[in-house]
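Thanks for making time this morning.

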Amino acid sequence: MTPRKKLQGLVAATVTPMTPDGQINLSVIRQYVDYLVSEQKVKSVFVNGTTGEGLSLNIQERKQLAEEWVCQGKDKLDHVIIHVGALSLPDSQELARHAAAIGASAIAVIAPFFFKPTSKDELIAFLQKVASEAPAVPFYYYHIPPLTGVKIRVEELLDGIKEQIPTFQGVKFSDTDLLDLAQCINKNEREQFVFLYGVDEQLLSALAIGANGAVGSTYNYLGRKTNLMLEAFAKPDLVLARKYQFLTGEFLSFVIKLGFGVAQIKAVMTFVSGIPMGPPRLPLVDASEEFIVKAKAKLDSTVWPDGD
Ligand SMILES: CC(=O)N[C@@H]([C@@H](O)[C@H](O)[C@H](O)CO)[C@@H](O)CC(=O)C(=O)O
């Protein structure tokens, strides 16, 4: 990894490749890295997050994946962010120490979601205990209230956070509350925090209010298209940028109606990239053949502004 360009642009939330019998399949990570870089023009990854079924993996598996991504990403990827959140604080701390030891670019932590923090102070206390185990590694809070049920506003959380977590770098913001995101950006201009948006279907709106980039599942297979949207936005050619966003939205809205989660993301990534991502881990179950046929037909029939 080339150290340490400020994180911006697209970050692929990686899926965890598995063998048909449910073991993690490290052997395809090298091919996965090359595919992201050469075919999707995506040079940063977020490992062991939601899309990566991080919370369904054991500690050993999470460490192996982190190591493989860092190792295979060396000299190819700009940033390898490792999600180290867990329900158990010692597990999360162990993963943070491990990520630091292997040279991860950054770590991220989700709010614990069984026994939940009920206030900003409780959440910060948990995050601080994890971040302090990796004192030289940039730290991101991973905000995903639709899955954690932890709805503490990020705007509130950020107030004074640097004093308690000196490594705090930014937020992976996977929520539709754009007012909260806007307030975070507006109030923290001097802090130089990084805001990575996580709802791919409305990334353009987040860019408009100042998000630095995005972490998401679609950048695994629509990274190149979304990069064209980012370029159009930067020009600015908003008409073109909207076209890309609308087409991504049309695909997602189509598959969401069919039932779209990590299993289906793995299936889409498998047919688009040709890399076997395998089944998900229970309680998730494989995408149906019907889903795969319909999703593939939808993607194949989409005509993008660049002519593809
Ligand atoms: C709830 C969820 O899984 N959200 C995804 C999105 O990329 C999502 O798949 C996309 O917006 C389609 O709805 C990401 O925010 C998750 C993510 O970045 C991760 O895997 O850590």
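This is a predicted model: local features need pLDDT of at least 70, side-chain atom pairs count only at pLDDT 80 or more; totals for chains, interfaces and linings use all residues.

Lys172 lies in strand β6, residues 168-173, where strands (E, at least two residues) and helices (H or I, at least four) are DSSP runs numbered from the N terminus. Residues are numbered from 1 along each chain as its sequence is written.

Is Lys172 buried or exposed? Lys172 is buried, because 28 other C-beta atoms lie within 10 Å; the term buried applies at 20 or more other C-beta atoms within 10 Å of the residue's own, exposed at 12 or fewer, and partly exposed in between, with C-beta atoms placed from the backbone. Leaving aside neighbours within four places in sequence, Lys172 is in contact with Ala108, Tyr140, Tyr142, His143, Leu196, Gly198 and Val215, contact being C-beta atoms, placed from the backbone, within 7 Å.

Two of those partners carry annotations of their own. The UniProt record, an unreviewed entry, places the feature "active site" at Tyr142 and Lys172; although these are spread over 31 residues of sequence, they cluster in space, with a largest C-alpha distance of 4.8 Å. UniProt positions are given in the numbering used here, feature names are shortened, and annotations may be inferred rather than shown by experiment. Tyr142 sits in strand β5, residues 139-143, and counts as buried because it has 27 C-beta neighbours inside 10 Å. Apart from residues up to four places away in sequence, the contacts of Tyr142 include Gly49, His83, Val109 and Lys172.

Val215 belongs to strand β8, residues 213-216, and is counted as buried because of its 28 C-beta neighbours inside 10 Å. Once neighbours within four places in sequence are set aside, Val215 is in contact with Val11, Ala13, Phe46, Lys172, Leu196 and Gly198. Thr51, for its part, lies in the loop between β2 and α2, and is buried because 25 other C-beta atoms lie within 10 Å. Among the residues that Thr51 touches, not counting those up to four places away in sequence, are Ala13, Thr14, Ser217 and Val262.

Now to the ligand. There are 17 residues surrounding it, of which the closest are Ala13, Gly49, Thr51, Gly198 and Gly216; a residue belongs here if its C-beta atom, placed from the backbone, lies within 6 Å. This shell divides into six nonpolar, nine polar and two charged residues, with Ala, Val, Leu, Ile, Met, Phe, Trp, Tyr, Cys and Pro taken as nonpolar, Asp, Glu, Lys and Arg as charged, and the others, Gly among them, as polar.

What about the interior? The largest nonpolar core has 88 residues, and those with the most contacts inside it are Val11, Ile81, Ala99, Ala104 and Ile107; such a core is a set of buried Ala, Val, Leu, Ile, Met, Phe, Trp, Tyr and Cys residues joined through C-beta atoms within 7 Å. Helix α12, residues 262-273, gives the most to this core, with six residues.

Methods:
Two residues are in contact if their C-beta atoms, placed from the backbone, lie within 7 Å.
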